[in-house]
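Welcome! Take a look at it first, and then we can go through it topic by topic.

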Amino acid sequence: MTTWGNIVRKAVIPAAGLGTRFLPATKAMPKEMLPVVDAPAIQYVVEEAANAGLSDILMITGQSKRALEDHFDRTPALERSLELKGDQARLDAVQHASGLGPIHYVRQGEPKGLGHAVLCGRQHVGDEPFAVLLGDDLIDERDELLTTMMEVQKKTGGSVIALIEVEPAQISAYGCANVSAVDGEVYVRVNNLVEKPKAEDAPSNLAIIGRYVLHPAVFEVLENTEPGRGGEIQLTDALQTLAVGEGDGTGVYGVVFRGRRYDTGDKLSYLKAVITLASERPEFGEDLKTWMKGFIG
């Protein structure tokens, strides 16, 4: 087996969820294809992986997710039509999506949780560290969270999670981390992880968000992780095992992110993300902000 050491080349993007919070829009369309301005949410995630230098992307899909594959595939008839019309801007946009790099697809046969979705990538990933990107969190392209996490993984040899500070009352919606500072470093050491604790039981206000850079040792742990909260195999539970374990691939570290993050996980957060990103677009952002001032006023 080829061993790549600490070089992170591969990204796993779980995209098998049912998207029930966005019904009926997601009855026949994957939630990952909901538009954020003029590109589907999943495209922002794939672009982030590509921009970080990840050259091999595996998407974990499920039933009724064919649109994801279609979006990143070439569409010769459409491209030819745009070319004949002289519509270069739209042609470039269409070709950009299909040129983001090789994307592979594996189906998660049944929804057994995020940990199980990651485990579905084991054969493709092999014995290499790899990134996991969840589609509900969009990270602004001006903030290099993923590359920082990859550097921390290379330095520590363990697994790395992304953390944000939230209001204590909100922590029950997230996985939560108890951490210790590491002298002279931009990262922290994770001592303990809890999936969606009650506010009064939470060890901190540091919430786990959807970016991970994982040592392949996580696969063996996931194989032996019993279903946890919600009857699902939780990635947080596997990371807790690695955090307190000993030996190769153990140790979990955190990068506290204070940049621009857009949450598309529920309807209100999704609308906020769309408006925020649209207001920054040079071609119509100022007009949108002017309209919003009048609408609110």
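How far apart are the mean positions of the positive and negative charges of the protein? The 30 positive and 42 negative charges have mean positions 4 Å apart, where Lys and Arg count as positive, Asp and Glu as negative, and His and the chain ends are not counted. Each charge is placed at NZ of Lys, CZ of Arg, CG of Asp or CD of Glu.

This is a predicted model, in which local features need pLDDT of at least 70 and side-chain atom pairs count only at pLDDT 80 or more, while totals for chains, interfaces and linings use all residues. Residues are numbered from 1 along each chain as its sequence is written, and side-chain values use heavy atoms, with hydrogens and water left out.

**Overall build**
- The protein has eleven helices and 13 strands; these are DSSP runs numbered from the N terminus, helices being H or I with at least four residues and strands E with at least two.
- Its radius of gyration is 20 Å, close to the 19 Å of the globule rule for 297 residues, so the protein is as compact as a globular protein of that length. The radius is taken over C-alpha atoms, and the rule is 2.2 Å times the number of residues to the power 0.38.
- The C-alpha trace spans about 60 × 55 × 40 Å along its principal axes.

- Among the 297 residues, 46% are buried (buried is under 20% relative accessible area, exposed over 50%, partly exposed in between, with a 1.4 Å probe and protein chains only).
- Of the contacts with a separation of 6 or more, 75% join residues 24 or more positions apart; a contact means heavy atoms within 4.5 Å.

- Helix H9 (residues 235-244) is mostly covered, with seven of its ten residues buried, including Leu235, Leu239 and Leu242.
- The buried residues of H9 pack against several elements, among them helix H5 (114-119), strand E8 (159-165) and strand E12 (252-256).
- In helix H4 (residues 88-98), the buried residues are Leu91, Ala97 and Ser98. They cover an arc of only 130° around the axis, so they sit on the same side of H4; the arc is that of the directions from the helix axis to the C-beta atoms.
- Helix H1 (41-51) and helix H2 (66-72) are among the elements covering the buried residues of H4.

**A loop glycine**
- Gly17 lies in the loop between strand E1 (10-14) and strand E2 (35-36), and counts as partly exposed at 33% relative accessibility.
- Leaving aside neighbours within four places in sequence, Gly17 is in contact with Glu32 and Lys65.
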